[in-house]
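Colleague: I would like to learn how to read a structure like this. Could we take the features in turn?

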Amino acid sequence: MKAWELRIEDSGEISLVWADTAGKAKAQFDCNGLGLRSWFTHDLSEGIYSFIDVSATRLPKFDDLENVDPKVVIKILVKEYGWENNEINMEKIDKLDELLF
């Protein structure tokens, strides 16, 4: 399945999901437990953002990796795409096993 980066520009929040289309990817923004939601702290149900605030950008490098160990995907996101948050960043990437599981 196609990989998509979901982003809320004004907040810097991002996530990775897999879907056939951009619209289906964006629809996952408000679904708990879908994708790698570590970087999202808000959802549409809180009324802060709407569907139109979320952009979906293709990340073909991650196509068909939805069933791969999330730690592998997260390491690539941090090292190659600069995805970081307070808990997961370049300084702590080697301790990812301890941080996530």
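Colleague: Which residue in S2 is the bridge partner of Arg7?

Modeller: One remark before that: the model is predicted. The bridge partner of Arg7 is Ile14. Another pairing of this kind puts Glu5 opposite Leu16 in S2.

Colleague: How many bridges join S1 and S2, and in which sense do the strands pair?

Modeller: There are six bridges between strand S1, residues 3-8, and S2, and the sense is antiparallel. The two strands form a hairpin, with four residues between them. Gly12 lies in that turn and has a positive phi of about 80°.

Colleague: What is the order of the strands in the sheet?

Modeller: The sheet is open and has three strands in the order S2-S1-S3, paired antiparallel. S2 (13-18) and S3 are the edge strands; each has a single partner, so one side of each has no neighbour in the sheet. From one strand to the next, the twist averages 25°.

Colleague: Why is S2 described as largely enclosed?

Modeller: Start with the general idea: in a regular strand, side chains alternate between the two faces of the sheet. In this model, Glu13, Ser15 and Val17 are on one side of S2, and Ile14, Leu16 and Trp18 are on the other; all are buried. Six of the six residues of S2 are buried, so the rest of the structure largely encloses this strand.

Colleague: How should I read an aromatic pair?

Modeller: Two values describe a pair of aromatic rings: the distance of the centres and the angle of the planes. A search of the whole structure finds one such pair. Phe62 and Tyr81 are 5.5 Å apart, centre to centre, with 50° between the planes, and the pair is tilted.

Colleague: Which parts of the chain does this pair tie together?

Modeller: Phe62 is in the loop between strand S3 (54-58) and helix H2 (70-81), while Tyr81 is in helix H2, so the pair links parts 19 residues apart in sequence.

Colleague: Is Phe62 buried or exposed?

Modeller: Phe62 is buried, at a relative accessible area of 0%. Tyr81, at 34% relative accessibility, is partly exposed.

Colleague: Where does the charged end of Arg58 sit?

Modeller: The charged end of Arg58 sits over the ring of Trp4, 5.5 Å from the ring centre.

Colleague: What does Thr57 touch, leaving out residues up to four places away in sequence?

Modeller: Thr57 touches Ala3, Trp4 and Glu5. Thr57 belongs to strand S3 and is partly exposed, at 40% relative accessibility. Distance in sequence and distance in space should be read separately. Thr57 and Leu6 are 51 residues apart in sequence, but 6.6 Å apart in space, C-alpha to C-alpha.

Note on methods
Residues are numbered from 1 along each chain as its sequence is written. This is a predicted model: local features need pLDDT of at least 70, side-chain atom pairs count only at pLDDT 80 or more; totals for chains, interfaces and linings use all residues. Side-chain values use heavy atoms; hydrogens and water are left out. Rings of Phe, Tyr and Trp (its six-membered ring) pair if their centres lie within 6.5 Å; planes under 30 degrees apart count as stacked, over 60 as edge-to-face and the rest as tilted. Buried means under 20% relative accessible area, exposed over 50%, partly exposed in between (1.4 Å probe, protein chains only). A charge sits over a ring if NZ of Lys or CZ of Arg is within 6 Å of the ring centre and within 35 degrees of the ring normal. Two strands pair if DSSP finds at least two bridges between them. Axes are lines fitted to C-alpha atoms, for helices over the stretch in contact, and angles run from 0 to 180 degrees between N-to-C directions. Contact means heavy atoms within 4.5 Å.
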